[in-house]
Amino acid sequence: MRYSEQSLPVAVVPGPLQALEADVVAVPAFEGEGAAAAGVLDGAAGGRVAAAIDGREFTGKLGTIFVTPCLAPGWRLQRIMLVGAGKRGGCDMTAVRRTAATALLASRERRWRRLVFSLPAVLPMADEAQAAAEGLTLAAHYTGIYKSDADARPTAVESLITLPEAASTEDAASAARAASRGYILAACSNLARSLANEPANVVTPRAFAEIAIQIAAESGLKVDVLDEERLSGLNMGLLLGVARGSAESPRLVVLRYEPARPASASVLGLVGKGVTFDTGGISLKDPERMHLMKTDMSGGAAVLAAMKAIAALKPAVAVAGVVPLVENMPGSRAMRPGDVVRGAEGKTVEVLDTDAEGRLILADALWYARQIGATHLVDVATLTGAVGIALGRTTTGLFGCPDSWVSLVGRTANRAGDRAWALPTFDDYREQLRSDIADLANIGGRPAGAITAALFLKEFTGGVPWAHLDIAWTAWADEAQPWQPKGPTGVAVRTLAELACTFEEWPARPA
Ligand code: BES
Ligand code: MN
Ligand code: ZN
């Protein structure tokens, strides 16, 4: 795999703008605020900023820009860019992240090398600095890595964040810490995007495990890779059942972060679906969009990348990352519809559809996470098409119990910019998973497909607080936005890493 960091760390510099040297300074501007807001910049732009606002050439709509030369004598900024930040009242970390990303993408396209991003001064300064650093770093990601034309490769843009002039030295120090946190979170999101973008002939279960070993070594995480023999020894018949149809042998990657001085006895268990390619198996998928099933390990990539971020952020709580890795293929030894397989915990499953493979491998992985001590679980998986029918492409499906744990995961996700919304897991849906021959069937029919998939997983959580993020339609952006190109999104990385830092709020384990 060709992974190398494409983003440069984001520095925080004090103002005033006159003192800074750059190709462009990007200044967020809100919708409907009129030319008066342009102030000193308008002077530096020879009146062109106010003219653009008055003439409605630039309206402040999120994702739009206006660029004009900086004419002020003595200034060392070449250009002024207004970046639309949307309505002031709707300004949150997501808006700041998108505004910063829009500015960086626009600069990169024009091959400007040095960008100064000025904070909008609406939210607490540290929140703005973190979100801006995230947006600037996320925008540096590039997906065309197998193109031969070196000229097509984008310019690496060096970006600086500048603070409002009223900022004190303490403000500046806390903004710098927040920006470095944002950089870590976004650079790790980009790692997950790189992994999800790789084709399945490159990222096989074995290759993923090797990358995990390399990342663990670089970041000081403990790592254990279970091969087929050890998985058999643990009786992981659900995971092994899915792997049977492929020539690539399965793996279970286990990463462990242990703080020097834990402040909590809890252990967060993060479990990510790692299907390196999902053909559907004998229940073969339609060919039309099958190539996108190279991204069916996005959950696993999110867990690996979040573990790397956690190792850098160093929360005072232990975290274990578990990634079951298989390729779902229709080989001659593949599982057949109707086969019965048994999981490590002993439960039997009738496999009515071999395309519902994610829940099978996650079941054994959730069990394993508990075996190694997880007291709180979160799994992340490109699990069902049904979640996209319910919530579309912009919102991740959130499930689990108890409510206190699920709502903490939801709040953390929304702050991290990974918007998630809870769907119910009422017990009566479980009827749909009844099998005539085994403990459970692996599909529950079309109605409430994302919910029955979650309820299948719940059977393997042993009553431990558990949340499930179904990212099937949020892991990949089908359409480009001004702040986000088409392709892998890195969804859930920032959520998982930020969640590890909230351990003081975790619910106690039920007795
Ligand atoms: N990996 C797919 C889910 C998926 C669909 C991910 C679209 C990304 C985009 C999963 O393994 C799957 O095939 N799910 C089936 C379940 C069904 C057979 C119950 C589905 O959603 O159709
Ligand atoms: Mn499938
Ligand atoms: Zn799948």
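H10 is followed by Gly373, whose phi is positive, near 105 degrees. This is a predicted model, in which local features need pLDDT of at least 70 and side-chain atom pairs count only at pLDDT 80 or more. Residues are numbered from 1 along each chain as its sequence is written.

Student: How many residues of H10 are buried?
Tutor: Helices are DSSP runs (H or I, at least four residues), numbered from the N terminus. Buried means under 20% relative accessible area, exposed over 50%, and partly exposed in between (1.4 Å probe, protein chains only). H10 is largely enclosed by the rest of the structure, because the buried residues number 13 of the 14.

Student: How are the planes of Trp367 and Tyr368 arranged?
Tutor: Rings of Phe, Tyr and Trp (its six-membered ring) pair if their centres lie within 6.5 Å; planes under 30 degrees apart count as stacked, over 60 as edge-to-face and the rest as tilted. The search of the whole structure finds 4 aromatic pairs. For Trp367 and Tyr368 the centres are 6.3 Å apart and the planes make 55 degrees, and the pair is tilted.

Student: Why is the pair of Phe426 and Tyr429 classed as it is?
Tutor: Their ring centres are 6.3 Å apart. The planes stand at 10 degrees, so the pair is stacked.

How values were computed. Chains are lettered from A and ligands numbered from 1 in the order in which they are written. Side-chain values use heavy atoms; hydrogens and water are left out. Helices (H or I, at least four residues) and strands (E, at least two) are DSSP runs, numbered from the N terminus.
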